[in-house]
Amino acid sequence: MTIIEETAGVPAPRAGGEASGPLLEVRDLHVEFHTRDGVAKAVNGVNYSVASGETLAVLGESGSGKSVTAQAIMGILDMPPGKIPHGQILFRGQDMLTMSNDERRKIRGRKIAMIFQDALSSLNPVLSVGYQLGEMFRVHQGLSKKEAKAKSIELMDKVKIPAAKARVGDYPHQFSGGMRQRIMIAMALALEPDLIIADEPTTALDVTVQAQVMDLLAELQREYNMGLILITHDLGVVADVADKIAVMYAGRIVETAPVHELYKRPAHPYTRGLLDSIPRLDQKGQELYAIKGLPPNLLKIPTGCAFNPRCPKADDICRTEIPALVPVTEQDGSELPGRGSACHFWKETIHG
Amino acid sequence: MPEKTAATTASTGTETVTTTAAAPDTVLVTKAPKARSLWSDAWHDLRRNPLFLVSAGLIVLLLIVSAFPGLFTSASPRDADLANHYLGQPNWSHFFQPDWFGYDGQGRSIYSRVVYGARASIIVGVGVTALVTILGTLVGMIAGYFGGWVDTILSRITDIFMGIPFLLGALVVLTSFEKRAIWVVILALVFLGWTQIARVARGSVITIKQADYVVAAKALGASTTRILTRHVLPNAVAPIIVVATIALGGYIAAEATLSFLGVGLAEPTVSWGVDVSSGREQLRNAPHVLIIPSVMVSITVLSFLMFGDAVRNALDPKLR
Amino acid sequence: MGRYVARRLLQMIPVFIGSTFLIFAMMYALPGDPVRALMGDQAYDPAVVASIRSDLGLDQPLWQQYLTYMSNLVQGDFGTEIASKREIADIIAQAFPITLRLTLFAFTFTVLVGIGLGVIAGLRPDSVRDRGLLALTLVLISMPSFVLGYLMQYIFAFQLGVTTATVQDSENFGDLMLPAIVLGSLSLAYVARLTRTSMAENLRSDYMRTAVAKGLPRHRIIGVHLMRNSLVPVVTFLGTDIGNLMTGAIVTEGIFNVQGIGKTIFDALTRREGATVVGIASLIVLVYLLTSLLVDLLYAVLDPRIRYA
């Protein structure tokens with residue numbers, strides 16, 4: 001794969017993070033699913049990294065491979081049908097894919113924790129939230145039932161669940177959606193991990209609650225100086241909390257950029273399409289833009305750039321050659337740190 | 001009745017794609033290019049399911065045997081030759097000959113009796129299932145669709161019938177009749193057996209009743225009959241068929257059990273249960289008299305069970 | 001909780017009355033006459049028959065007979081058998097513990113082996129051992145218990161000679177082993193299949209993924225997170241199964257000559273001793289209703305999402 005060398009040239013957005021080495025680094029990751037109908041290539045050479053205290057937002061439609069990448073990092077892919085034919089996932093420089101099951105288990109929950117989208121189905125319906133929170137301490141730290149319960153209450157206070165003491169014995173279905181997601185966050189935070197992966201943590205919530213939960217997550221991240229990978233399809237969620245963004249399409253990263261630059265000047269037609277399809281007050285009354293077509297079928301990814309059938313700028317080269325992720329520069333050639341685009345026509349897109 | 005709180009059934013995610021653990025992001029992909037209906041999809045699956053093919057083949061064979069037993073044996077099941085054939089041992093190499101499976105305690109060909117006995121089992125099994133399905137669906141649909149006091153009364157009646165253990169009830173009913181023709185056995189089993197289908201039908205009708213397409217049909221002014229026959233019934237029929245096919249095997253087993261206990265079918269009707277019963281005295285020295293009809297019962301029940309299992313797996317994608 | 005139990009108990013009353021009345025009606029309203037059965041084939045004097053009938057109250061309307069019977073029953077008076085003149089309460093007192101023992105034996109066997117096999121299969125859905133177990137359960141389900149009973153009797157008593165063909169001492173646990181296995185085998189197959197399906201389904205659930213993501217060891221993921229959820233439907237089935245086992249005992253006790261209520265009720269039926277049949281049947285109905293109530297209560301303990309409505 002040529003992508004590796006090219007992306008190696010993309011400078012990191014924050015020098016501080018890079019100096020001590022990234023917390024987590026995904027290198028040329030490939031994931032495929034062997035199904036009845038053929039091999040679905042869900043992830044096709046993804047590279048990204050996160051440093052302590054940094055927030056990486058991974059943006060994409062469903063089917064873009066953003067969740068699968070996260071599951072591969074977490075080691076919760078169902079294998080089979082899933083398979084990782086190629087790639088490395090380095091946690092503090094060590095490749096987790098070559099670790100033993102037990103070594104990986106000790107990282108899960110303790111060093112890397114995950115927050116899932118649907119807290120109702122992701123929490124065990126027949127165990128009290130106190131039990132499920134306390135389990136982290138009992139298993140990983142060998143605390144007694146009583147100590148674990150006290151810790152659980154502390155955690156629930158931390159994520160601002162009212163009357164934590166009284167509610168520690170309640171079951172997931174007895175909480176509101178927002179409260180349940182706070183419990184998920186509490187569970188992920190329990191052992192103060194180095195990295196949290198949040199997979200669409202607010203998608204299932206009401207808009208008003210979404211902001212509260214995001215704020216809480218951001219606040220706790222700052223407090224513990226954790227790395228955060230935020231997976232979402234919602235550009236609105238990203239703007240306030242993320243440091244840098246990786247946009248995924250059909251299992252590849254098509255654009256990377258520090259968050260505000262991406263909003264200001266996207267360097268990939270797909271990103272531009274996403275930004276244009278956000279409703280804006282100053283365009284009230286006009287027809288809302290929508291990217292035409294459907295996400296690609298992962299069993300039959302289009303040749304060349306996977307986005308070409310939907311792209312307004314597509315040309316012959318787009319149908320034959322896969323564009324590599326290349327550093328994006330200013331018109332005068334000066335560097336734009338942390339920016340990269342996998343488009344044959346990135347110059348026209350960003351400067352045109 | 002305990003019921004699950006709304007929270008467990010309400011769908012919470014706007015993007016439900018990631019709720020399947022297997023391969024969240026590939027869900028869109030695995031959707032087949034051409035949309036198949038429930039039934040054609042099920043048929044697509046069934047055609048390549050060996051379990052289904054074997055059981056369907058066996059069932060067809062059984063149906064042919066019970067319709068035209070004369071095609072399979074020349075011997076009469078009632079010809080007794082005590083002098084020459086008393087408890088004659090099977091000759092396993094004499095395929096389709098009267099002595100293939102040996103002779104019973106009255107010198108009758110067991111092969112012939114097994115062939116002729118299929119009819120009783122099939123008639124009872126199919127007859128009871130058909131009637132139970134009609135009656136149960138009717139009761140369940142009325143209770144489920146109309147709700148309120150109609151449902152209360154019908155459900156209590158169902159409870160009452162369910163409270164009577166099946167075998168015990170059948171025993172009580174059937175001992176009252178001295179002459180037990182095949183239809184008496186069928187009616188007795190229907191009398192006690194309809195509740196299972198009624199419950200299933202009621203449950204699925206209640207679910208369907210709340211579906212948007214039924215609400216829409218109502219809003220458009222469709223009549224109750226039309227809603228029931230065009231919308232509710234076709235959608236409720238899948239679970240009913242599944243339960244009915246599996247129950248069919250059970251009714252055949254029940255007939256055999258009752259005949260074995262001496263309260264089901266009786267001589268001169270040729271029935272596997274009756275033959276098992278008459279073979280019990282000679283179990284020690286001539287086990288084939290008992291074992292061969294027993295095996296026939298089991299194979300028949302097994303065929304219908306496998307058939308029902310395969311159909312259920314095909315119709316219920318959740319179980320895949 | 002207390003109110004729920006009280007309401008369920010109240011609801012049980014009409015069902016109990018309905019079910020027992022139905023059995024009573026089937027016993028007495030359908031053709032077949034205990035007095036004639038008593039006389040056998042001998043010629044009888046219609047006047048004598050009529051007087052016996054009126055002595056026994058058999059000439060009264062059905063509902064009145066039922067009312068009399070039930071009011072006696074709630075006072076603990078099961079009546080007496082017409083032919084043997086024995087107190088039915090005594091007959092039941094003698095036979096019931098034996099069947100209870102047999103049933104509990106079969107039940108334990110069902111629970112231990114059934115759930116065990118189901119877990120073994122359910123942990124590896126679609127593996128060779130899963131398919132093998134599925135086939136085994138299908139065979140068990142398709143064998144009516146009289147077939148299995150005689151097969152076991154033939155193999156273990158006549159071929160291997162490790163047991164006697166029929167039970168000598170109905171109170172001996174060793175003797176009851178074979179009938180208990182035969183009695184429990186059908187339920188065992190159902191329990192194994194139910195456990196297997198339930199586990200295979202829950203194995204794919206989101207909370208199992210969470211449990212893995214929490215870094216829990218495998219034994220905990222399965223033992224705590226998977227089992228608690230998977231056993232809920234199994235418990236429901238097991239509860240209603242005790243009543244079925246008791247009726248199943250009619251066949252099993254007959255084959256193995258166990259002197260329990262199954263054999264008693266069957267003998268009573270052939271002699272048309274209505275009071276004995278209805279008495280035992282009422283007990284079985286009661287057991288069935290009480291166990292299903294118990295299951296509903298247990299259900300709520302196992303699954304907190306269930307609320308009493």
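Student: In what order do the elements of chain C run from the N terminus on?
Tutor: They go α-α-α-α-α-α-α-α-α-α-α-α-β. Keep in mind that this is a predicted model.
Student: How many helices and strands is that for chain C?
Tutor: The secondary structure comes to 12 helices and one strand.
Student: And what does the C-alpha trace of chain C span along its principal axes?
Tutor: About 85 × 55 × 30 Å.
Student: What share of chain C is buried?
Tutor: Buried residues are 42% of the 309 in chain C.
Student: Now contacts. What percentage in chain C join residues at least 24 apart?
Tutor: Counting contacts between residues at least 6 apart in sequence, 76% do.
Student: Switching to chain A. How many helices and strands there?
Tutor: Chain A has 15 helices and 12 strands.
Student: What are the spans of its C-alpha trace along the principal axes?
Tutor: For chain A, about 65 × 50 × 45 Å.
Student: How much of chain A counts as buried?
Tutor: 51% of its 352 residues.
Student: Back to contacts, for chain A this time. What percentage comes from residues 24 or more positions apart?
Tutor: In chain A they account for 66% of the contacts with a separation of 6 or more.

Methods: Residues numbered from 1 in each chain as written. Chains lettered and ligands numbered in written order. Predicted model: local features only at pLDDT ≥ 70, side-chain atom pairs only at ≥ 80, totals over all residues. Helix = DSSP H or I, 4+ residues; strand = E, 2+ residues; numbered from the N terminus. Buried ≥ 20, exposed ≤ 12 C-beta atoms within 10 Å, placed from the backbone. Contact = placed C-beta atoms within 7 Å.
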